[in-house]
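Colleague: I would like to learn how to read a model feature by feature. Could you take me through one?
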Amino acid sequence: AGELPDPKLLLGLQNLPVEGQERWRLDAEPMTMRMLGVMQEVPNRAKRSARVELARAGIDSAAAQEQVERLQVQRQTAQAWIVAQALEQRLQLFQEFYAENRLLERAVQARLAGGRGPSADSLAPRQEALALAEREDELQQQRSQARAVLRRWVGAAADESLRGPLPDWPVDEARYRHALPQHPELQAFVPQTREAEARVKLAEADKRPDWSWELAYQQRDRAFGDMLSLQLSIDLPVFAGSRQNPRIAAQRAELLALEAEREALLREHALQLAMELAEHRRLQRAVERSHEQLLPLAEQRVRLSLADYQAGRGELGELIAARRERVEAQLRHLDFLEQRALVAARLHFAYANQQERDQ
């Protein structure tokens, strides 16, 4: 960017007569010359320095954008994996649900064989199995869709079996707030600002004159002798008020707009960070409440309803309802785990340091 422009080759014919008896003759007029020369333009030093700064800032800006894209791909891949693995975990639960359903069916048949309970109770386990199958079909559809999304990011590896628990990245709120200005999208403004500043300097450099030199060899008839010419030309930026100054003002306005855009994006990310942290706190409480209270209570209700049914003190409908609520509680617990992992992934890839992201 700081190199001189390519030189220019000059070819010409000078002082060729176009009137009289000697017109269009190359050997009739002593001043007629065939010219061969070279011309070099020399932009002023400030302009070349500004071009170097602009090029360097452009390289850094491209690297920053590459980093933003890389982190977006990592975040999208992580989220796609989390969604796919959460669906696998939900589907694994249905094997337990079907096994318990078969046990329930045998218990109902045994009770009916003993002459207890209405005959219609024999249909309830089958109806429960059909409801489970319908719910499983919905999850299978979601599983296919989730694998398709994952395949976009990891290719054929998306068809492999998924193993391991959902990731649980630690969320350090104070650290994330401190790292907010280091968000990759905000860091991309650093080289962009340098680019805008270099453009201002480049526009200001137009007020300084450029110059050029020209060296030419001029061949004449042998009787007259050849000639050598050297010529210098200098720009005269004498109309800065209507030419250079408006361009300088425009570039400075672009710089101010870029700074305002960065400030707006900083506030937007601050808002998003606050909302993500609040959502993570809610989901963390939901996971703890589900694990410590909701799941045990749902399991206890099933056991009590089953005991009452076997003792003849409860209805089968109550037992089926308790089992349905336990299924929903288990699936809801996985929903909480999935949503917490998704929020933690977004925070991790936005605010964790580079070393942790690479790990």
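**Reading the model, one feature at a time**

Modeller: Start with a polar contact (a pair of N or O atoms within 3.5 Å; within protein, one must be able to donate a hydrogen and the other to accept it, and residues adjacent in sequence count only if both atoms are side-chain atoms). Here a polar atom of the T32 side chain lies 2.6 Å from the backbone oxygen of N15. Before going on, note that this is a predicted model: local features need pLDDT of at least 70, side-chain atom pairs count only at pLDDT 80 or more, and totals for chains, interfaces and linings use all residues. Residues are numbered from 1 along each chain as its sequence is written, and side-chain values use heavy atoms, with hydrogens and water left out.

Colleague: Where does T32 lie, and is T32 buried or exposed?

Modeller: Buried means under 20% relative accessible area, exposed means over 50%, and partly exposed is in between (1.4 Å probe, protein chains only). T32 has a relative accessible area of 4%, so T32 is buried. T32 sits in the loop between strand 1 (8–14) and strand 2 (33–42). Helices (H or I, at least four residues) and strands (E, at least two) are DSSP runs, numbered from the N terminus.

Colleague: Which residues is T32 in contact with?

Modeller: Contact means heavy atoms within 4.5 Å. Leaving aside neighbours within four places in sequence, the contacts of T32 are Q14, N15, L16, P17, R25, L26, Q219 and R220.

Colleague: What about the backbone of N15?

Modeller: Most residues other than glycine have a negative phi. N15 is not a glycine, yet has a positive phi of about 60 degrees. N15 also lies in the loop between strand 1 and strand 2. With 42% relative accessibility, N15 counts as partly exposed.

Colleague: Next, charges. How many salt bridges are there?

Modeller: Side chains of opposite charge can pair when their charged atoms come close. The criterion for a salt bridge is a side-chain nitrogen of Lys or Arg within 4 Å of a carboxyl oxygen of Asp or Glu. A search of the whole structure finds 24. Among them is R151 with D159, with the closest N and O atoms 2.6 Å apart. R151 is partly exposed at 35% relative accessibility, while D159 is exposed at 51%.

Colleague: Which parts of the chain does the pair D168 and R340 link?

Modeller: In this salt bridge the closest N and O atoms of D168 and R340 are 3.7 Å apart. The pair links distant parts of the chain, 172 residues apart: D168 is in the loop between helix 2 (124–154) and helix 3 (173–178), and R340 is in helix 7 (residues 316–351). D168 is partly exposed at 47%, whereas R340 is buried at 12%.

Colleague: How are E195 and R199 placed in helix 5?

Modeller: They are four residues apart in helix 5 (residues 189–205), so about one helical turn separates them. E195 is buried at 14% relative accessible area, and R199 is partly exposed at 36%. Elsewhere, K47, D206 and D210 are linked in a network of salt bridges.

Colleague: Which residues touch the most other members of the largest nonpolar core?

Modeller: A nonpolar core is a set of buried Ala, Val, Leu, Ile, Met, Phe, Trp, Tyr and Cys residues joined through side-chain atoms within 4.5 Å. The largest has 20 residues, and Y176, L180, L273, L277, F336, L347 and Y351 touch the most other members. Helix 5, helix 6 (244–311) and helix 7 each supply at least two of its residues. Helix 6 gives the largest share, nine residues. A second, separate core of 17 residues includes A84, Y98, L150 and A158.

Colleague: What does F336 touch?

Modeller: Not counting residues up to four places away in sequence, F336 touches L283, A286, V287 and S290. With that same exclusion, H183 touches H269, A350 and Y351. H183 is buried, with a relative accessible area of 7%, and lies in the loop between helix 3 and helix 4 (184–187).

Colleague: And where is I59?

Modeller: I59 lies in helix 1 (residues 45–113) and is exposed at 59% relative accessibility. The C-alpha atoms of I59 and P191 are 8.4 Å apart, though 132 residues separate the two along the chain.
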